[in-house]
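This report is for a reader who is new to the structure shown below. Please look it over before reading on.

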Amino acid sequence: MSELPQLDPVIHAQARLRVTVALAGLRPGDQITFPRLQQLLDMTAGNLSTHLRKLEDAEYVEITKAYEHRTPVTLVRLTAVGRAAFENYTKALHRLLDATGGD
């Protein structure tokens, strides 16, 4: 039996996996507002901020602060590095599941 693949610990935490999946569903380069992401994931602002910070530290997400009609807006997007990490994560997960024989 070959060595089992390692899963990216930054993405693997349940909350960060949910964030990454939601952001990967956007077209490359597209952004989502923080409140919309929070609503979509049904997470508290503090919990979402904590997990976004961890993803941002890994350069998987980019957070942009902007103004829309004089109102501050926080935008979140998955970076190219984050998209590649998510693709690698899903491939590793498939290899891990395939290693069990699919039963």
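## Basis

The model described here is predicted.

## The sheet

Three strands form an open sheet in the order β1-β3-β2, and their pairing is antiparallel. The edge strands are β1, residues 32-33, and β2, each of which pairs on one side only.

β2 covers residues 61-68 and β3 covers residues 71-78; these two strands pair in the antiparallel sense over eight bridges. One of the residue pairs is alanine 66 with valine 73, its bridge partner in β3. β2 and β3 form a hairpin, with two residues between them. Histidine 69 lies in the turn and has a positive phi of about 55°.

On the other pairing, β1 is joined to β3 by two bridges, and these strands also run antiparallel. Here isoleucine 32 stands opposite valine 76 in β3.

## A helix on the sheet

Helix α4, residues 45-57, packs on the sheet. The strands that α4 touches are β2 and β3, and the direction of α4 makes about 120° with that of β2.

## Helices α2 and α5

Two packed helices are described by the angle between their axes and the distance between the axes. For helix α2 (residues 14-24) and helix α5 (residues 80-99), the angle is about 115° and the axes are 11 Å apart. Because of this angle, α2 is roughly perpendicular to α5. The crossing in which α2 passes α5 is left-handed.

On the α2 side, the residues in contact are Leu17, Thr20, Val21, Leu23 and Ala24. They meet Arg83, Phe86 and Tyr89 in α5. Sorted by class, the contact of α2 with α5 has six nonpolar residues, one polar residue and one charged residue.

## Arginine 36

Arginine 36 lies in helix α3, which spans residues 34-41. Is this residue buried, exposed or partly exposed? Its relative accessibility is 40%, so arginine 36 counts as partly exposed; the class lies between under 20% for buried and over 50% for exposed.

Arginine 36 and leucine 75 are 39 residues apart along the chain. The C-alpha atoms of arginine 36 and leucine 75 are separated by 9.6 Å.

Methods:
Residues numbered from 1 in each chain as written. Predicted model: local features only at pLDDT ≥ 70, side-chain atom pairs only at ≥ 80, totals over all residues. Heavy atoms only, no water. Axes fitted to C-alpha atoms, helices over the stretch in contact; angles between N-to-C directions. Helix = DSSP H or I, 4+ residues; strand = E, 2+ residues; numbered from the N terminus. Parallel < 35°, antiparallel > 145°, perpendicular 65-115°, else oblique. Left-handed = near helix turned anticlockwise from the far one by under 90°. Contact = heavy atoms within 4.5 Å. Nonpolar A, V, L, I, M, F, W, Y, C, P; charged D, E, K, R; others polar. Pairing = 2+ DSSP bridges. Buried < 20%, exposed > 50% of the residue type's maximum accessible area, 1.4 Å probe, protein only.
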